Amino acid sequence: MPTLYTMPGTCSLSPNIAIAWLNAPVDVHTMAYGDHKKDDYLSINPKGKVPAVKFEDGDVLTEASAILAWLGATHGSEGFGRDTVLGRKEAEALSYMTSEVHAAYGGHFGPQNFAATDAAVEEVKKKTYEKLGGHYARMNEVLTENGGEWYLGRRSFADTFLYVLMRWVDQTPLSYDDYPTLKEHMERMEADDGVKLALKRQNMEPLG
Ligand SMILES: N[C@@H](CCC(=O)N[C@@H](CS)C(=O)NCC(=O)O)C(=O)O
């Protein structure tokens, strides 16, 4: 059976939820924070990041959106093939959430990587939260336009990554109250049995 490597608090929760939703035959292995920089894991993913999937033949797949694409192609429900409207919208949403929104969090999790002085670090953080605020406003708009329940109007893997991004708002000066439709989505996700199972497998709690 393939193994998904995760760590508490991280974006690996997204494929972890997808695995729970699909009841996919994938083992979920949760590491303690810090183990991702140790030799055992670096021999699996030299990038030292989660998520990663190790297959029985030794092949390794990294990058959340690629792992979700593999899960969808192998175990996914009908209507999400990349040759369908919903499938290509899902690919678009996941690329946006991973390469734009998640990547923008670099200025929150590691502002010192972008600035040399304390004042410059503060400036990076300020700009980061402005940028993130724009992303959340856009996602709130998309979700509202699509009926408010699921990001693409029907439950998809985009909802799993959106939930990860919503959990991180808690660590920033941004307010959930500015994104009411996203906030309801987060509450809906936390009531979901698959999400509860994935959180448990990743040693995490719902935010409540
Ligand atoms: N582009 C990667 C990003 C993966 C990533 O940044 N993972 C974070 C957790 S959300 C991580 O492993 N951080 C640990 C570190 O950088 O030390 C993806 O989409 O999978």
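Helices, as counted here, are DSSP runs of H or I with at least four residues, and strands are runs of E with at least two, both numbered from the N terminus. On this basis, the secondary structure of the protein, which is a predicted model, amounts to nine helices and four strands. Read from the N terminus, these elements follow the order β-α-β-α-β-β-α-α-α-α-α-α-α. The radius of gyration is 17 Å, close to the 17 Å given by the globule rule for 208 residues, so the protein is as compact as a globular protein of that length. Along the principal axes, the C-alpha atoms occupy a box of roughly 50 × 45 × 30 Å. Of the 208 residues, 33% are classed as buried. Among contacts with a separation of 6 or more, 63% are made by residues 24 or more positions apart.

In general, strands of a sheet pair through backbone hydrogen bonds, in either a parallel or an antiparallel manner. Strand β1 (residues 3-6) and β2 run parallel and are joined by four bridges. Within this pairing, threonine 3 has aspartate 27 of β2 as its bridge partner.

The surroundings of the ligand were examined next. The ligand is surrounded by Thr10, Cys11, His36, Gly48, Lys49, Val50, Pro51, Glu63, Ala64 and Thr98. By class, the residues of this shell comprise four nonpolar, four polar and two charged. Cysteine and proline count as nonpolar and glycine as polar in this division; Cys11, Pro51 and Gly48 are among the shell residues concerned.

Proline 180 was considered as an individual position. This residue is located in helix α8, which covers residues 180-190. Between proline 180 and isoleucine 17, the separation is 163 residues in sequence and 23 Å in space, taken from C-alpha to C-alpha.

Notes
Residues numbered from 1 in each chain as written. Predicted model: local features only at pLDDT ≥ 70, side-chain atom pairs only at ≥ 80, totals over all residues. Near = placed C-beta within 6 Å. Rg over C-alpha atoms; globule rule 2.2 N^0.38 Å. Buried ≥ 20, exposed ≤ 12 C-beta atoms within 10 Å, placed from the backbone. Contact = placed C-beta atoms within 7 Å. Pairing = 2+ DSSP bridges.
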